[in-house]
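Subject: Structure handover

Hello,

The structure is below, followed by notes on what was found in it.

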Protein chains: 2
Amino acid sequence: MLARLGIARPSYVAVQRFLHAAIERNAAFDKVSEKDVAFFEQVLGSSGVISDPDALVPFNRDWQKKYVGNAKVALRPRTTQQVSELLRYCSSRRLAVVPQGGNTGLVGGSVPVFDEVVVSTAAMNRILHFDEVSGTLIAQSGAVLQALDEYAGQRGFMMPLDLGAKGSCHIGGNVSTNAGGLRLVRYGSLHGSVLGLEGSGGDGRVLDLLRTLRKDNTGFDLKQLFIGAEGTLGIITAVAIQCAPRPASVQLALLACPSFQAVTATLRAARRVLGEVLSAVEFLDQACSHLATRHLEGVRNPLVQQLQPLEGPQGGGEGGAGATHGSADAQSAPFYMLVETHGSDVDHDQQKMERFLESVMSEGHVTDGTLATSEAQAGAIWRLREGISEALVRRGAVYKYDVSLPTAVMYDLVEVMRSRLAAGGYGSDAGVLVVGYGHIGDGNLHLNISAPRYDDALLSLIEPFVYEYVSRHNGSISAEHGIGLMKAQCLSYSKGAVAVELMRRIKEVVDPVGIMNPYKVLPPR
Amino acid sequence: MLARLGIARPSYVAVQRFLHAAIERNAAFDKVSEKDVAFFEQVLGSSGVISDPDALVPFNRDWQKKYVGNAKVALRPRTTQQVSELLRYCSSRRLAVVPQGGNTGLVGGSVPVFDEVVVSTAAMNRILHFDEVSGTLIAQSGAVLQALDEYAGQRGFMMPLDLGAKGSCHIGGNVSTNAGGLRLVRYGSLHGSVLGLEGSGGDGRVLDLLRTLRKDNTGFDLKQLFIGAEGTLGIITAVAIQCAPRPASVQLALLACPSFQAVTATLRAARRVLGEVLSAVEFLDQACSHLATRHLEGVRNPLVQQLQPLEGPQGGGEGGAGATHGSADAQSAPFYMLVETHGSDVDHDQQKMERFLESVMSEGHVTDGTLATSEAQAGAIWRLREGISEALVRRGAVYKYDVSLPTAVMYDLVEVMRSRLAAGGYGSDAGVLVVGYGHIGDGNLHLNISAPRYDDALLSLIEPFVYEYVSRHNGSISAEHGIGLMKAQCLSYSKGAVAVELMRRIKEVVDPVGIMNPYKVLPPR
């Protein structure tokens, strides 16, 4: 029981201490002076410059409250020209800058580490162009993903990406972090769907690559460098993106699977039988289902019969998949999957889905399932999956890892970690939960370790073990969350020395003074 | 009649004179000495070093015989290590290098301009790995696209790109030039489907990014720089690519359209009705159909009744769409389209195709059509489309432009050019044909001007007019062919000064001595 273990808010101080252990403020950066603030106010007006300590709080910490910086000023430009002027000035003054979109990242990439100037894209949220024939959209980088999706939706299109944070994340942040999300399996990565972008390098030079052409082979594809650079090269000011046609028919199934092997067999069947209409394949383990239904208002798993009333938001037993304990949800399955289709013909899609369900149930890969029969039901099922991250934060401290691994062995990491931590005194009896969920269609596992509080001894059991494990299995230490501050010292587990050196040299070209998002992505020399 | 106009082989000398008008050999490059050849032989063995003048001919000129260089040596490495050694040596000796794959390019990117050392990937054609569950393929860069597609096909997959030159082009060249091709509309660009690559920078440093992960956000996505760099940064030695599942059902329709407006209406209907199974939408004008059926053995257009026997390979009237002249194919339509579907269920796909055909025929967008009922029929229809390029070369001199333009106004360029040239004395009566075809589903027009011989006065009517026109309409001066030698001086029509300067600086990082494929892509300073 969490209450018994004395769970409180995570201890920020402990986290900060660990994170900054090896990082010192780069003395080459100057500190923001009153003269600087006066310049910023001259460019942006006083409403665009935030320097009040209380007003700065949300700019200085991430939504997990895990990363806390100490910026003295946050800026809210409205135009590309203003962004360019600000960066030119900051370069000339050697003021470090952290770009911030919706601040929904998970690796500390969008908050200051020390006293960097925050440049927020929140006031840059205009939609600049939409082509109703081709579905190409141009928007300023601060436009919120969900707002763009609704705008496109009214015109028969949809954004080619979707993720849990859609209500607050900015499209510029999505592109800067190469966000993957729920439907990459169908609509591909942003390296394919971003048609153009405009941005300012760290020195204030504006790079105008804002085209809506599907094909354009004219020199190096420079926009690709900004996709996934996490603000270390400059600031993206506008994005041109290829929207997908909004599907006439959407189906969503929630399935219960008796083993992880059954999960991968179901994935293969989905690819084979659903073919071109398959739009998402997600999985979560039993513990994730418990977490989401316990900690979030109104979230339930329709495949789980609740045998006894819940004991309140923190009540009930929680354990890893396969663990046996007297939980309120004793009848729940070890794994759940969400399988979604997007298609143009309801009858065809239903036939394909029926054929798929018959196949996986007759072979025993799926033991129970439900098909959403309304948008509201589909929304409720998606909330079970999308709420996991929030539920984990509500439970207490959480160590988040986002890795790519070969699908067949993906869940081994969760089990290996669970045993490892239990052997080290951090089992479920100590309130530690090791859970796994994610985008199985793309080989992307979210490994999360929930604990009563942040704890350096626990962390030392997790890292660098998790990175070594992933590296040994030819995986990626960051499938979609990025490197940020969290993994900057671990980049070499995924990238060789030649690659890292080329990244440094390219950063010197685009951000010559090196003011952009320091301490992030690239490891210290 | 072509014979009457005295059409002969194109005059290479004239072309070369024009192309090299503004280009001088960079005196900073050294000339290949006997000592250099001895070193190459030491690395590759004597069979890997070609220096016999006759044997060098195919390395020195492109298949169009439009670009002719003067290399004294061509090298055929077999391993990444050898490529790296060769480039390190050439950098130290300041010997310029041109990488060469299948040498099927159209912009003079893969042949020497002067005496550059040719490094051919022809001996690097091994398949290194194939994952039969996920469909990820790793191959050396010299593997031929068609060979890879056949290999994948035997395992239930297909390469995510297809183009006319598939029988000779190398996968490394495809990636280096970011080849688009026939099915980009469905399977996306190589920026999305290339999962990893390995290459050597101009200084011989090996960059190992050869992963098969669908998602990997660990630092800047450096592989993207090599995709489309046309060998100006280094040499790609191996490629990891995501194959697509081979479709269970393939349908192909050849349609006749009465106007270009009908073509675009048919495209919109195909997107709407065929939705997720649409895999290719191509168009060709009447003149293209005439060219392919006249100049290529065994190619015919099943929608055209041949009213009288053909007069041999160069017989018959040829003219632009809309032009009226007493041709043997008087009943042919102004435009033809190929509409293809790839799907997982034959019945569903046939229903969708029937619905699509009913829709476009009832609205008058399509006046005639045929559905391929066998692979052989489909192959014959594709030959009509894919043979256009070869037919143009057989007819005589050809000026090729490959542009992106907004779909609705795409064909205007063909008509404007036709009028412009006719007004300048280069009408169809002078044997000049202005034709248009291409990947309409991607906004990609191939504008081709066929003439009895290369002619500077004709060229001066075409260029820079064509680039100015495209730039004014926010198009791209190279949709998929790349820049190569042909358009290096025109890059600024598509890319601004800041972008070009960043490209130069990035090249300095990856190819510090500047030996890689000089005179190409980047304009002279």
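In this predicted model, Glu480(B) and Lys215(A) form a salt bridge (a side-chain nitrogen of Lys or Arg within 4 Å of a carboxyl oxygen of Asp or Glu), with 2.8 Å between the closest N and O atoms. Six salt bridges are counted between chain A and chain B. H18(A) gives the most to the side of chain A that touches chain B, namely 10 residues; helices here are DSSP runs of H or I with at least four residues and strands are runs of E with at least two, numbered from the N terminus.

Chain A has 73 residues in contact (heavy atoms within 4.5 Å) with 73 residues of chain B. About 6,200 Å² is buried between the two chains, 59% of it from carbon and sulfur atoms; this is the accessible area (1.4 Å probe) lost on putting the two parts together, summed over both. On the chain A side, Lys215(A), Asn217(A) and Phe220(A) lose the most area to chain B, together 16% of what that side buries.

Chain A also has an open, mixed sheet of four strands in the order E1-E2-E4-E3, where pairing needs at least two DSSP bridges between two strands. E1 (49–50) and E3 (97–100) each have a single partner strand, so one side of each has no neighbour in the sheet. E3(A) runs parallel to E4 (117–120), joined by four bridges.

On conventions, residues are numbered from 1 along each chain as its sequence is written, and chains are lettered from A and ligands numbered from 1 in the order written. Local features need pLDDT of at least 70, side-chain atom pairs count only at pLDDT 80 or more, and totals for chains, interfaces and linings use all residues, while side-chain values use heavy atoms, leaving out hydrogens and water.

Regards
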